[in-house]
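Welcome! Take a look at it first, and then read on.

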Amino acid sequence: MAEAAKPPDFWNWLGAAISLVLGLWLLVAGWRTLPLARGDLLVADHVGPMSYSTPLIRVSSGRRGTATHRTQDLWLAAIRDDGQYNYRRLYRPARGLWVDDIDRLDRDQQVRFLVDPDRQLVYEATSRGKTFLAYDDTAETLTGGARRSFLFGFGLLAGAIWHLWPLASRYWRERQGAGEANGG
């Protein structure tokens, strides 16, 4: 009696490989999203009223289409650890956060920003004992985004392992059986 043809494993292997790659990518993205410690941030001081813009940012969200949110574009020059100024760059608060009352600064009012120059992100803005944007709010927002990436990344890795385990164990059993048949 002829043995029934096995369904091709190509699609299972391909799906597992895609899940594995996407899962690893999400884990790396989550790791990069984690907030920096306060001591690792640079200071960017600004005196007096500042010009800024509030562009509408469009973000692709896969099947759901695109999502939009407003942000603030702030041009700041940060001070490096060696006391040198970095050139003026565009910085933004984390998604969903806002530097409040930035349009109501007095002429001689100094505002201290804590920024991450690599991601061009504003973590904190304070002036005269008032907090316009709190470090804790930024850290909480970034940590929440990292947790979501970790959750989906680990989920995709678990799915890949769930699909790969039976395929790999069958492959090793067949290989072992072929080895015994040739060696016996």
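Val115 touches Leu41, Leu42, Ala44, Leu76, Ala78, Tyr91, Leu121 and Val122, leaving aside residues up to four places away in sequence. Keep in mind as you explore that this is a predicted model.

**The nonpolar core**
- Val115 is also among the members of the largest nonpolar core that touch the most other members, together with Leu76, Val99, Phe113 and Val122.
- This core holds 26 residues.
- Two or more core residues come from each of these strands: E1 (42-47), E5 (73-76), E7 (110-116), E8 (121-127) and E9 (130-133).
- Helix H2 also gives two or more residues to the core.
- In soluble globular proteins, nonpolar side chains tend to be buried together.

**The chain as a whole**
- You will find two helices and nine strands in the chain.
- Along the sequence, the pattern reads α-β-β-β-β-β-β-β-β-β-α.
- The chain has 184 residues, and 31% of them are buried.

**The largest pocket**
- Rolling a probe the size of a water molecule over the atoms shows where empty space is left.
- The volume of the largest pocket is about 1,000 Å³.
- A total of 24 residues line this pocket, and Val59, His69, Arg95, Gly145 and Arg148 are the closest to its centre.
- Helix H2 (135-183) and strands E3 (56-60), E4 (66-70) and E6 (89-93) each supply at least two residues of the lining.
- H2 makes the largest share of the lining, with six residues.
- Sorted by class, the lining has nine nonpolar, nine polar and six charged residues.

**A closer look at Ala29**
- Which helix holds Ala29? Ala29 sits in helix H1, which covers residues 10-33.
- Why does Ala29 count as partly exposed? Its relative accessibility is 24%, and the partly exposed class lies between the buried limit of under 20% and the exposed limit of over 50%.
- Ala29 and Ala146 are 117 residues apart in sequence, yet their C-alpha atoms are 7.5 Å apart in space.

Terms used: Residues numbered from 1 in each chain as written. Predicted model: local features only at pLDDT ≥ 70, side-chain atom pairs only at ≥ 80, totals over all residues. Heavy atoms only, no water. Helix = DSSP H or I, 4+ residues; strand = E, 2+ residues; numbered from the N terminus. Buried < 20%, exposed > 50% of the residue type's maximum accessible area, 1.4 Å probe, protein only. 1 Å grid on protein atoms, 1.4 Å probe; cavity = no way out; pocket = protein on both sides within 12 Å on 5 of 7 lines; lining within 4 Å. Points joined across faces, edges and corners; volume = space filled by probe spheres on them. Nonpolar A, V, L, I, M, F, W, Y, C, P; charged D, E, K, R; others polar. Core = buried A, V, L, I, M, F, W, Y, C linked by side-chain atoms within 4.5 Å. Contact = heavy atoms within 4.5 Å.
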